[in-house]
Amino acid sequence: MLLSTQTAALQNAFGFEEAVRIIHEAGFDCYDFSMTRMAWEGHPLQRADYQESVKALRRYADSIGIPCNQSHAPFPMHRPDDDAWNKNIHEWCVRSLEITALLGGKICVVHPYNNWTPEENRDRVYLPLLPYCKKYGVKIAVENMWNWPAESPVAVPCACSLPENFCAHMDLLDPEWFVACLDIGHAEMFPDKTSAVQLIHALGDRLQCLHVHDNDRLHDDHGIPFTGKIEWDGVCAALKAIGYKGDFTFEADTAINKYPDPLKADAEKLLQKTGRYLINRIG
């Protein structure tokens, strides 16, 4: 099982190549390229020369010996009453698939829209992207989400939050091109309704990638495992029980962002050691 982490916190602080270098020197096997901010005004991946920038990153990563295993597209997939955003987000996701392929990645995480049914997400998010999956040879991973209404004291389930709804999404999609990404932190935000363990068993072999991070089982903290309240023994046992064959990918960048820049590389080393420990527990 390969150990990976996303580039977001490091690339926002230091740029793409330095982020990959730090991840490599921290001891990770591969990196998850974050494009979640691509839709933000002025992002470098919006420029006309984005392909050359990405190819340069690929050459650099290859030269130091660290591949890209997966990526993350921008979100949300819809904004009520924002026609400009809704027109452009599909194109940013298409570009994300292309960039993933240029970097050598095999999976790109694309969120469902939180408030749509499985059928609506199929028709409005995923099927329009299917031709580009085939064109670039990249699978899309569907991720479990959460909502937090203004009047609610806790998060509430939405698209893919609960086992039945997540499986309903996956049942509508071609398994050759669409797989499941379990965000373990998101799964633990509904302790009276579901858990990461339940979702792992429900998804079975459709689960092909992970977003690993810890929280207080209430908020989306994106912390390093063992700094929150998630019970990692159960998570590891469930992944072992289903014969999970994907990579072990962290999405703990909120934790990395808490460190000043001179300490971020050291924080990544702790994250890497934590990942090796958990992979050993999975066996």
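1. Asp-49 is partly exposed, at a relative accessible area of 37%; here buried means under 20% relative accessible area, exposed over 50%, and partly exposed in between, with a 1.4 Å probe and protein chains only. Its salt-bridge partner is Arg-47, with 3.3 Å between the closest N and O atoms. Arg-47 is partly exposed as well, with a relative accessible area of 43%.

2. The model is predicted: local features need pLDDT of at least 70, side-chain atom pairs count only at pLDDT 80 or more, and totals for chains, interfaces and linings use all residues. Residues are numbered from 1 along each chain as its sequence is written, and side-chain values use heavy atoms, with hydrogens and water left out.

3. The structure holds 12 salt bridges, each defined as a side-chain nitrogen of Lys or Arg within 4 Å of a carboxyl oxygen of Asp or Glu.

4. Arg-217 pairs with Glu-188 in a salt bridge whose closest N and O atoms are 2.7 Å apart. This pair links distant parts of the chain, 29 residues apart: Arg-217 lies in the loop between strand 7 (207–211) and helix 10 (232–241), and Glu-188 in the loop between helix 8 (184–187) and helix 9 (196–203). Helices (H or I, at least four residues) and strands (E, at least two) are DSSP runs, numbered from the N terminus. Arg-217 is partly exposed at 27%, whereas Glu-188 is buried at 5% relative accessibility.

5. Within helix 2 (residues 16–26), Arg-21 and Glu-25 stand four residues apart, about one turn of the helix, and their closest N and O atoms are 2.7 Å apart.
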